[in-house]
Amino acid sequence: MDSRTIAFLFFIFCSFFTFPQQKFTLSGTVYEAASNETLIGVTIAVPALRTGVSTNEYGFYSLTLPEGEYIMQISYLGFSDIIQKVSLTSNITVNFHMLEEAEQLDEVIITEDVEKIDIRKPQMSVNSLSVATIKKIPVILGEADVIKSILLLPGVTNAGEGASGFNVRGGAVDQNLILLDEATIFNSSHLFGFFSVFNPDAIKDIKLYKGGIPARYGGRVSSVLDIFQKEGNSKKFQINGGIGAVASRLLVEGPIAKDKAAFLIGGRASYAHLFLPLFQIDNTAYFYDLNTKINFNVDNRNSLLLSGYFGRDVFGISESFVNTYGNAVGNFRWNHLFSDKLFSNLSLIYSDYYYGLKLDFVGFNWNSGIRNFNVKYDLKDYISDKLQINYGLNNIYYQFNPGKIEPSNPTSGILEEQLIQKYANEFAAYIDIEHRITENLSIGYGLRYSNFIRLGQDALNVYTDGNPVVFDPTLQIYQEGKPIETINPGKGSMATFNNFEPRISLSYTLDEDSSLKASYTRLSQYLHLLSNTSSPTPLDVWTPSGPFVKPQLLDQYAFGYFKNLDRSAYTIESEVFYKSVQNRIDYIDGANLIANDAIEQVILNGEARAYGLELLVRKNEGAFQGWLAYTLSKSEQRTPGRNSNERGLNNGAWYNTPYDKTHDISFYGGYELSEKWSFNTNFVFQTGQPTNYPIGQFAFQGLTIPYYGQRNRERLPAYHRLDLSATMIPRKNKGRNWQAEWIFSIYNVYNRKNAAAINFSRNQDTGVNEAVRTSIFGIVPAVTYNFKF
């Protein structure tokens, strides 16, 4: 055997018995250096290997790499990059403390696909706004507002000025899951929609998922708005706040034990109602809220967090009518690190939404609400730099109080009455996998299993053939069915629903600066908001799925192209989407939803669909920054007949939903003129909201009665407005603890009288019926003073 043969055989032998290069794990937490606040979504990159990872919701990261020396790049917009050499010869823990860049503190930041590594991630249809941006966007009465800010993003609208909530990709308000520190917020508005319940001073991170929603989320079929509160400054005491035209706020945070435990407490309150008596107005309208948080780092592997929110709105007309409503939530969390690769979080969550009426003029009080108790356990396993697995369990117990009437005084003659209370339990288990298949292809795939049990209640109506709504073939209308008996179903299960909800998303990188993405999402929703208005009101009540109300089921498909230009100084994001919803509830003509103890008699299960194009162009660097968003979309629903003998609602035809907006254009721009002055503007244009106008009238017993055609065939006039603001930072801020700024804003600069509604009534002078436009706001100037020390 010659030497060449021996060398060849040795090569073959080594090819079969080559040992893989040893790998080690680098893990830790990323903090803001000034406050020890953990940072969410920080990029931990290894440029030499073209790989990296982002910190989770608690600032933790884990990265498994081959043995060797690496240059690590830690980056987060608004903070100075950290470049650090790491020698990886064993499993090690490295915590990073990032410094804010003074010149970027007020930078416009939308963090979707800003870093190149995000081009490669399969996640799409997600937007994040920084608190700094939210505070700069001009809004009504100068009050920084989370909800009003996200309305400038593509695919997000609402029903107009003074409207509660928001609509995403043609979905209804109740189809949005709103989370504050993982606790559900059932009403996101103060003062019937003029302000949101979120105090921007207490907020750390905001993400809006419009599609490609990870499997850890469920329970709503349109979007997820996930908001995390700040944890408190564990290095030093700090106070910041603001004084505005209608409300003020104050937030205090500081260490309980330096670098180990911290607290945060913040409050807001409006006070415009205090000036009403000066104008001999005996009404009142105000809100207040409180944010709290305590965090305690027990050791390197355990930390505890306790957070809460409490808010109330009070609206009164004299002393005879007082409306009180608001949210109260609390969350206890335990973060535990099983190893440098396995992170866990256990949460015990309480959420309550209360609505009350004091009606002295009729002699009774009304109380209603919904509360839930939630236990969730989430784990994330960082198997390698190419594979991470999220999995967990979640169980929610619900109590629904549709309404209770109590006499306000012994002589009112009103009898106490409790509408039938409802109970339910929702369980879910999920697994979510992030997998980088090749250099160019990354996939996210997961599965969520949900189980919903409608529990027993004191009374349940029984109907002929099980139909609480009957169709009159003579009049060709739907009517309320008459119960044949009422039974007590006991405390067991009245109905059970099981659904598997697959999720998949993928990203294919075309080059260093562009990628194609696609996603499919299946979601189930078991709770329904009963509202037949275009914008929800506090009087609307939630009801669970059950014997007569089926859960909503969504299928959504999305495809997108993403492009970074000029080293990410400019970005282009475009997506098309199509989604369909089964079992979307609809209401028969003339439905009465208020204090209705047999709501099943006025609702039918239908279907909905929405499709459209979203485009977002952004400028991320320089003195001038901002974005232009455009959405072209269609949102429809229909309720066909249950059999061939029924005509269905609206003759079974598709009709525009109340939140269908064909065209939606939003522009935001910010210009930093100098260290002292900066200017911001936004412009909004939307197709008018669908509505119903009379198509004719007839006389009956001396009265003129209008009649209407098919649903939502007409529209209000187009909505548009321009807002401006200027921020002035006094030069004397330099070198002193007290930092201050003045914000001067003008809402609706050209005084556009946007129509909130158009009503038809008879002119008392001419006797002719005419259209009357109702507008809420014209031009509104405001001044806000912000401070911190």
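Trp742 comes out as partly exposed, because its relative accessibility is 33% (buried is under 20% relative accessible area, exposed over 50%, partly exposed in between, with a 1.4 Å probe and protein chains only). Bear in mind that this is a predicted model, where local features need pLDDT of at least 70, side-chain atom pairs count only at pLDDT 80 or more, and totals for chains, interfaces and linings use all residues. Residues are numbered from 1 along each chain as its sequence is written, and side-chain values use heavy atoms, with hydrogens and water left out.

**Aromatic rings**

- The count of aromatic pairs is 29, where rings of Phe, Tyr and Trp (its six-membered ring) pair if their centres lie within 6.5 Å; planes under 30 degrees apart are stacked, over 60 edge-to-face, and the rest tilted.
- Trp742 and Tyr785 make a tilted pair, because their ring centres are 4.7 Å apart and their planes sit at 50°.
- Trp742 belongs to strand β50 (residues 739-747) and Tyr785 to strand β53 (residues 780-788), so the pair ties together parts 43 residues apart in sequence. Strands here are DSSP runs (E, at least two residues), numbered from the N terminus.
- Both rings belong to a cluster linked by ring pairs, made up of Trp738, Trp742, Phe744, Tyr785, Phe787 and Phe789.

**Charges over rings**

- Arg609 lies over the face of Trp654, 3.9 Å from the ring centre. The rule asks for NZ of Lys or CZ of Arg within 6 Å of the ring centre and within 35 degrees of the ring normal.
- Lys517 has its charged end over the ring of Phe562, at 5.0 Å from the centre.

**Around Ala569**

- Ala569 sits in the loop between β38 (552-565) and β39 (570-587).
- With 7% relative accessibility, Ala569 counts as buried.
- Leaving aside residues up to four places away in sequence, Ala569 touches Arg618, Lys619, Asn620 and Glu621 (contact means heavy atoms within 4.5 Å).
- Ala569 and Asn620 are 51 residues apart along the chain, yet their C-alpha atoms are separated by 5.1 Å.

**A four-stranded sheet**

- An open sheet of 4 strands runs in the order β3-β2-β5-β6, with antiparallel pairing; two strands pair if DSSP finds at least two bridges between them.
- β3 (51-54) and β6 (82-88) are at the edges with a single partner strand each, so one side of each has no neighbour in the sheet.
- Strand β2 (residues 43-46) pairs with strand β5 (residues 68-75) in the antiparallel sense over 3 bridges, and Thr43 has Ser75 in β5 as its bridge partner.
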